[in-house]
Amino acid sequence: MNPARIPKRTFDAVIVGGGGAGLRAALQLSQANLKVGLLSKVFPTRSHTVSAQGGITAALANVSEDNWHWHMYDTVKGSDYLGDQDAIEFMCRNAPAAVYELEHMGLPFSRLDNGKIYQRPFGGQSKNYGGEQAIRTCAAADRTGHALLHTLYQRNIAARTQFFEEYFALDLVRDDEGYVLGVVGLEIETGEPCLFEARATLLATGGACRIFRHSTNAHINTGDGLGMVLRAGLPLEDMEFWQFHPTGIPEVGSLISEGVRGEGGILYNKDGEAFMPRYAPNAKDLASRDVVARAIAQEIRAGRGCGPHGDYVHLDIRKLGAEKIKARLPGIRELSMQFAGADPIDAPIPVTPTAHYMMGGIPTNLHGQVVTPVRTGPEEAVPGLYAMGECACVSVHGANRLGGNSLLDLVVFGRAAGQHVIDYLRDNPIPRPLPGEQVDKALARLARWDRKQGSETVAGLRLEMQKIMQDHCGVYRTEALLKEGLEQLDKVEARLPDAALADHSRMFNTARLEALELDNLMGIARATLVSALARTESRGAHTREDHPKRDDDRWLRHTLYFRENDTLDYKPVRLKPLTVETFQPKERTY
Amino acid sequence: MRFRIYRYDPESGNAPRMQDYDLAMDPAGKKVLDALIAIKDTLDESLAFRRSCREGVCGSDGVNVNGTNVLACITALEGLKEPIEIRPLPRLGVIRDLIVDMAQFYQHYRAVKPYLINLDPEPENERLQAPEDRAELDGLWECILCGCCTTSCPSFWWNPDKFLGPAALLQGYRFIADTRDQATNERLDFLEDPYRLFRCHGIMNCVEVCPKGLNPTQAIGKIKSLLVKRAL
């Protein structure tokens, strides 16, 4: 089809995704008087950033002595040394300025008695490179993500950013020389496709924990940007690393913030034993998330789980008292009462490890430019394409993200990407011609769901995939388990072409959206299993029972997964920071 | 369980109708959204509704269940009278099934300039704010823009284009109440209007339905008393 046959809108930059990262980048571009269009498949304040609870980490030293070097050390150690130290330095060094900027924008942070921003302890935070607990996470009660997302949306209203609310992105448009020239989108309300032409395209599409049966993630977290990148022939990085948050509500998956343990909550098994000191003698309940998740999984396996099926443990915050619980953890109290039937003022909260965060994603450098290996040469930026936030792998989180670093990642790299785009647009003032066949491909992806004959349903296949991932790619993994998972996924994927919709309407057809999302989820599940099977070591959140040790000689490197033939490639970890000394990999204990 | 759900297909040319569904589901611990998803996944994939976080924080799935505006994702199925009648939020145009056109609602929200206005040079660090001043914002900033309150308000039903409605007014007051904001006078000037603010007659439907337990009527009352104080 001639691209002229679908409506076209032209911008300097187009952003896909209206969560924290997309909104922060949009603000940078709008304030630079560039013409920016932001597509979001939901109204921006419905984005998953809104569910972040505990806070945003920055070494403000408002409560205890602190500096960004210590934050950097903790982040490198937390990443199990897989994080790129240049990017980690960049993030931690810029963290205080990023938080002050949010405060200036109006974010309603909780306050200390002296009027400064309230900070609470979080897991994996230390003073003096592994010393006593630091207090580093800045919070707006336990709804920091809500406060951050709404504040950024509000600033974008003031900056008059042009929003395309309830538009779904189908695919990237990329020419023969590799330039990304925009996206083909779908206006959900009308069901009509629309071409968004731009000299720079920024992906901020968030995570994809919906590949799992149980997750803390919103329904919308289907990794649409990752699917687009895979289809464009570009790789995904470190897809074996998924964080299982230690404390999700069993079955429903809702997150119970690490801030609960930060405020003094303790984990207990069915014998009433506070078991964390056995696993992490120093940090105890505030060890890194991977450590606490494994500990809970061990307790449950050993038959010390609580409840009729012994499939969860108790998180007890009662000693904090009603007043502090209401003031500092009001959202947690609501969630616990609504979804676990327990008021934390007088009962412990049932919790179990739950898929929460994607450490891997679209490979980028610290400017947010998407990078890919070019033939045998080193990696190069894909011209015109950026990614930031959870969909990106910079990599600041490596093999395990620290709590409070996710919101920080959004604003630091959202801003950095916006800033770099400004320079890129100045250097690339002329729009390149659009290749029509790329648009056709995206439209074919849409038209495929017009077919009426088929024996499979989208909901059925999605559920099967989610169960496979839940059972074969969870907290503990083995070669046999992963292989079996991949075999089963092969079979489910092979049935995808037989899926058909019953609903062929155009306007607000959410069944069709779910079908398009399933394409993305399926590709991500596959990337995850293939990457996890290859990595024969245990590092951070990737725990291989058949390879229980970390193996720096062989595996201190990033995985790159390409969709074509499930090809894997690897690239070295950037151990050299920007200005400080390298933190050499050493044994990781808490 | 029996459900009776509002259906409207804009492409069919047919008038809206109520459709019954019988769903085999144990309601224990389940929410209305779980039932909607189960209906869509197993009985009728053409049923359209919005959803995102499924835990009461994103505000996507405001609907009217048995006559009351609620968030589907935090409304327990247990105890609901059958057939459970689910309709779109009242008064807004219906795009399809349970999906309403929120444009008017968002326009009112934008009209109150829902962002901090402070023209002082930015300090190097944070602006200080006493905890008691910050406490003035509690019950205001937590609004999730679901629209349950505004679409339950008779004053909004009568003048949806002119009366800003409880959600927008709550956000208007959120910035008036912020000690860091310097635009109180401008904000009050904008709100001092027979329609925008003064169509609120204290009916308090908004307070009753707010899924976050917020109190827009109280915020509106505070705006009114600030206007009175200013006039004296």
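Buried means under 20% relative accessible area, exposed over 50%, and partly exposed in between, with a 1.4 Å probe and protein chains only. This is a predicted model, where local features need pLDDT of at least 70, side-chain atom pairs count only at pLDDT 80 or more, and totals for chains, interfaces and linings use all residues. Residues are numbered from 1 along each chain as its sequence is written, chains are lettered from A and ligands numbered from 1 in the order in which they are written, and side-chain values use heavy atoms, with hydrogens and water left out.

**View 1. Here is Thr528(A), sitting in helix H15 (residues 510-534) of chain A.** Helices (H or I, at least four residues) and strands (E, at least two) are DSSP runs, numbered from the N terminus. Thr528(A) counts as buried because its relative accessibility is 0%. A polar atom of its side chain lies 2.8 Å from the backbone oxygen of Ile524(A). Leaving out residues up to four places away in sequence, Thr528(A) touches Ile211(A), Met239(A), Glu240(A), Trp242(A), Met469(A) and Cys473(A); contact means heavy atoms within 4.5 Å.

View 2. The contact takes 14 residues from domain 1 of chain B and 13 residues from domain 2 of chain B. Together the two domains bury about 1,100 Å² between them, 65% of it on carbon and sulfur atoms (buried area is the accessible area, 1.4 Å probe, that two parts lose on being put together, summed over both). On the domain 1 side, Asn69(B), Arg91(B) and Leu92(B) lose the most area to domain 2 of chain B, together 46% of what that side buries.

**View 3. Last stop: the place where chain B meets chain A, with 58 residues of chain B in contact with 63 residues of chain A.** The two chains bury about 5,000 Å² between them, 51% of it on carbon and sulfur atoms. In chain B, Arg54(B), Glu126(B) and Trp141(B) lose the most area to chain A, together 14% of what that side buries. The rule finds 6 salt bridges across this interface (a side-chain nitrogen of Lys or Arg within 4 Å of a carboxyl oxygen of Asp or Glu). Zoom in on Glu166(A), which forms a salt bridge with Arg50(B), the closest N and O atoms being 2.7 Å apart.

Definitions and conventions: A polar contact is a pair of N or O atoms within 3.5 Å; within protein, one must be able to donate a hydrogen and the other to accept it, and residues adjacent in sequence count only if both atoms are side-chain atoms.
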